Amino acid sequence: MSEPRLDVHAQPGPCWSVPKGLRRVPKGLDELATEHLVLNMGPQHPSTHGVLHVLLELDGEEVQAAEASVGYLHRGIEKLAESRKYHQVGTLLDRSDYLAGLHTEAAFAMATERLAEIEVPRKAEWIRALTMELCRLASHYVWAGTYGMDAGAMAPFLYIMRDREMILDILEAITGGRMMFNYIRPGGVFADLPAGIDQPIRAFLSTFETYLAEMDALLGGNEIFQARMHGVGVISRETAMAFGLAGGTLRASGVDFDVRRDMPYAAYPELDFDVPVATGGDCWDRYVVRIEEMRQAARMIRQLVDGMPEGDFTAKVPKVLRPPAGEMYAAVESPRGELGIHIVSDGSATPYRMRVRSPAYYNLAICDEALAGSLIADAVVILGSLDIVLGEIDR
Amino acid sequence: MALDKLTGENSLLFIRSEQLLDLARKNSLFYLSFGIACCAIEGLMSAGGPRFDYDRFGIFHRGSPRQSDVMIVAGTVNRKMAPVVKRLYDQMPEPKWVIAMGACACTGGPFREYPNVIMGVDKVVPVDIWVPGCPPRPESMQYAFMQLQDKIASKTQERLDAR
Amino acid sequence: MNAVAPIAIRILAMLGLLLVNGVVLIYMLRKVLGRLHIRIGPNRVGPFGLLQTVADVVKLLTKEDLMPDSADKWLFWIAPFVVFVPSFLAYLPLAFGPNLAVTRLDTGLLFLLAVLSLIPIGVLMAGWASNSKWSLVGGMRAAGQQIAYEVPLLLSVLGPVMMAGSLDLSKIIEAQKNLWFVFPQFIAFIIYIIAAQADTQQTPFDMSEAESELITGFANEYGGMRFGFLFLAEFSNMFIVAALGTALFFGGWYLPFLADNPIALSLGPVIFIAKAYIGIFVMMWARGALPRIRVDQLLAFAWKALIPISLSWVVIWACIQRLVLVR
Amino acid sequence: MPASATEDILRSASVAHEAGSEALGTVMRIGPGDVRAALGALAAGGFDQLVDMFATDTGEAIEVTYHLRALAKLESLFIKTTVAYDGAIESVWEVYPAALYPEREAAELLGISFPGHPNPKRLLTVEGTEPLLRKSIAIRGPEEVQFS
């Protein structure tokens, strides 16, 4: 490894030192004749949420340095998109963020529509928002359950899986799939809402508060859990901005930014919702922010079901879409944060280059910085609090 | 010859006792909690969840390959992942089985055109059960486990029939 | 010969109890956890899934016996037995009925706690011999934790011992004929359940095998029946601390208000085991519901809270007994 | 922030640039040697977030895009620069640590290098993998992937 550069650039502004994880302590023996243990966490480890591999350098239980290693799920979504027609790309993108496929689809559809100047009907926008919020709940459920598991609590995970199945049933009725939807297409959505879908959604909403409160009491109300979370993995506002964090992780550090509110898309400008922000930046704040986000999502779903407009569910789009040459960026607020799709078009039927700005990719980059100095148990919890999805990181 | 039928590996006693052991094996399939990609959510997480609850069949997850019997390859295996899968398989004690879950593990799925992706996990480890779908539903995985149970039982049955 | 035979029978009976306990407890754990987690738990193998654990054990017995290449062969081989044997020895002084114990030791309680404290040696051995870093961390955690929690465990049993005036478990139980020690010794009881939970490495103190951190901790490299032995020892330890709690605080084989009833007395062992199982159920309940505490919090809690409280309780109770009760 | 203000920042850092307003938004094209100076000046001038950084194979060279954002004003800015195949751009991680991962990714998938990066290892692929995102690397053809 080359020596990190220590000279500072001439311009004023934030200057960063090498992330703690990369600032390796010298290997071998120090004056106390102790040796550091280099531990491979992953790719097969219950708490890495997939196939993340973290190299931990331990002094006893304390993590001295940590370095994440990704790529165990690199399957070339960006490359393959260059050989797929515009309406085929959604299939790949579903599998990039497999917990919230609809958000990635929506970002791609929006980028394509802006490039090809397609007007999306109002109903399609509302259906998009509805399905995306349901999807956000499903994704946050998985996060909350696995977060509890990271802290050692089994029960919340199973409670949350029960609630998640209810959402998956609704999403299956709307889109036809439990996880891989390919529902949001350039121009609108693939199919209209089935008749009477508001019944199961309302039934879900009527139990949502009780079940979430139950889960929250079991996890967040537990003193052991609170003791594990408070003051652990603190990410300051400056660090969060500099590392380009997104979503709940960014908002827990005190940055009030939400794509749904600040760069509105779909039906969000017409909806009434709050963006929860916390200032502590520790694991507890990330927990609180995401739980509140779930409540807000339910609030939005209620508004969306009540106010669902009539009309077309898709615009007239040619079978083979050939957007004019140019570039376009569109972002949505996925459960993990700002998810952007950058399309470079050369006027042909396939994108020339597609780039996924995946939030988990940037959120994970902080782990080199945040894990160092914590204990192994903390490291697991911090990784859990970042809410990473490896499919999205490796693409 | 006749003696062989009574005592050897193909004796009735031997096969019957083996059958008894197979009964235990097929009813206690611990799978390695090793989710690679999307399929892990359906095949491993929903599997333990309240609705599908594979624990009913004695199918439970273990974190360590030393204590598992079944490896579910739930996702795309690429060049970087393949040695890991191989190594985990080698670390499992015999008898062991592999379920290739989903299109990616079977053939490379929607990503098979990408040069970094290995077209099917059978290039790395021997596969017993193939589960189609992208991702397969948890019910499919339940069916796959039942098929695996049949497969375990059928081996001794075949030997019994061949006698 | 005649002298040896009854002892051998008793020891074999105890071994049988241990194995049956292990099998039943694993089944019970899966069922209880299933119910706590709004699932059903095993129900396909045999009626109500009762044969599930049997199938598991038979399967483990027929698995390949793996020995990691780089393991310390001898230690790796012996470690499961070093864990298992003390937990079997701890059964010996347990008194299940008025005259039902393998051996009646005057220092039975001391013996029991002494052999229990041998277990971390086996755990550390297993962690070291596996030559896996995860196992090593798990083994070290177990050692540190057990050293920390042995002290409050020992101190918490002193209250009942002082009240009964004996270290013989039968005598301690007999002294509770009219008053269960849990009432006067409530503080000691609370300390006991916390320390016992930690000593047997149950959630929320399951540091050494912390599923989400160390995967299976010290048992990481063990497969087949060696793993079975470690697993069995864990459950038999659970039974031991629950039985010890029953003997020390809940009147052993006595039922409340029926202490002299001959039928209740003849059912003594059943009552004793039923009480122990209720204790185990509470432990499983905690396992199903609680998150895991962090290792530094765990040790700080032992040294900064539990040990001072238990020490002062011993002093306070000694004063009460000397000045108020005995005078 | 109007484009002119951004241009002022770049001018004061004496970076030769070519401003343009495309459908994408404000796009500035600069030379590959000026990236570090330009981004340093822009970071000081209010663009506090590096949203994304990626590279594209244009067929003749590699085009690297930095997507910056001034969060307070919700202003986006795209900085584009072009390097030759196997060319080098100075790493900007000291200005935006967010670039640590994307630079490693761009380096391995498009075969350019980022001198000054503290950890210039491969991110996604194993040693010996060709730069997969280049247009010259073809994906597997239909015959190759046919399931038999």
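## Close-up views of a four-chain predicted model

**View 1. The surroundings of Ser236(A).** Leaving aside residues up to four places away in sequence, Ser236(A) touches Ser253(A) and Gly281(A), a contact being a pair of residues whose C-beta atoms, placed from the backbone, lie within 7 Å. The model is predicted, so that local features need pLDDT of at least 70 and side-chain atom pairs count only at pLDDT 80 or more, whereas totals for chains, interfaces and linings use all residues. Residues are numbered from 1 along each chain as its sequence is written, and chains are lettered from A and ligands numbered from 1 in the order in which they are written. Ser236(A) belongs to the loop between helix H7 (223-229) and H8 of chain A, where helices (H or I, at least four residues) and strands (E, at least two) are DSSP runs numbered from the N terminus. Although 45 residues separate Ser236(A) from Gly281(A) in sequence, their C-alpha atoms are 6.0 Å apart in space. Ser236(A) counts as exposed because it has 12 C-beta neighbours inside 10 Å; a residue is exposed if 12 or fewer other C-beta atoms lie within 10 Å of its own, buried if 20 or more do, and partly exposed in between.

**View 2. The contact of chain A with chain D.** Of the 5 pairs of chains that touch, chains A and D have the most contacts, with 43 residues of chain A meeting 37 residues of chain D. On the side of chain A that touches chain D, the elements supplying at least two residues each include helix H1 (77-81), strand S6 (326-334) and helix H12 (359-365), and S6(A) gives the largest share, 4 residues. This side of chain A divides into 22 nonpolar, 12 polar and 9 charged residues, with Ala, Val, Leu, Ile, Met, Phe, Trp, Tyr, Cys and Pro counted as nonpolar, Asp, Glu, Lys and Arg as charged, and the others, Gly among them, as polar. Chain D has 3 helices and 5 strands, in the order α-β-β-α-β-β-β-α from the N terminus on, and 51% of its 148 residues are buried. No contact joins chain D to chain C, and the closest C-alpha atoms of these two chains lie 25 Å apart.

**View 3. Helix H8(C) with H10(C).** The axes of helix H8 (residues 186-199) and helix H10 (residues 224-249) of chain C come within 10 Å and cross at roughly 165°, the axes being lines fitted to C-alpha atoms over the stretch in contact and the angles running from 0 to 180 degrees between N-to-C directions. H8(C) and H10(C) are therefore roughly antiparallel to each other, a description applied to angles over 145 degrees, with those under 35 roughly parallel, 65 to 115 roughly perpendicular and the rest oblique. Phe189(C), Tyr192(C), Ile193(C), Ala196(C) and Asp199(C) of H8(C) meet Val241(C), Gly245(C) and Phe249(C) of H10(C), and the residues of this contact divide into 6 nonpolar, 1 polar and 1 charged.

**View 4. Helix H8(C) with H13(C).** The axes of H8(C) and helix H13 (residues 295-325) of chain C come within 10 Å and cross at roughly 145°. Ile187(C), Ala188(C), Ile191(C), Ile194(C) and Ala195(C) of H8(C) make the contact with Leu306(C), Ile309(C), Ser310(C) and Trp313(C) of H13(C), where the residues divide into 8 nonpolar, 1 polar and no charged.
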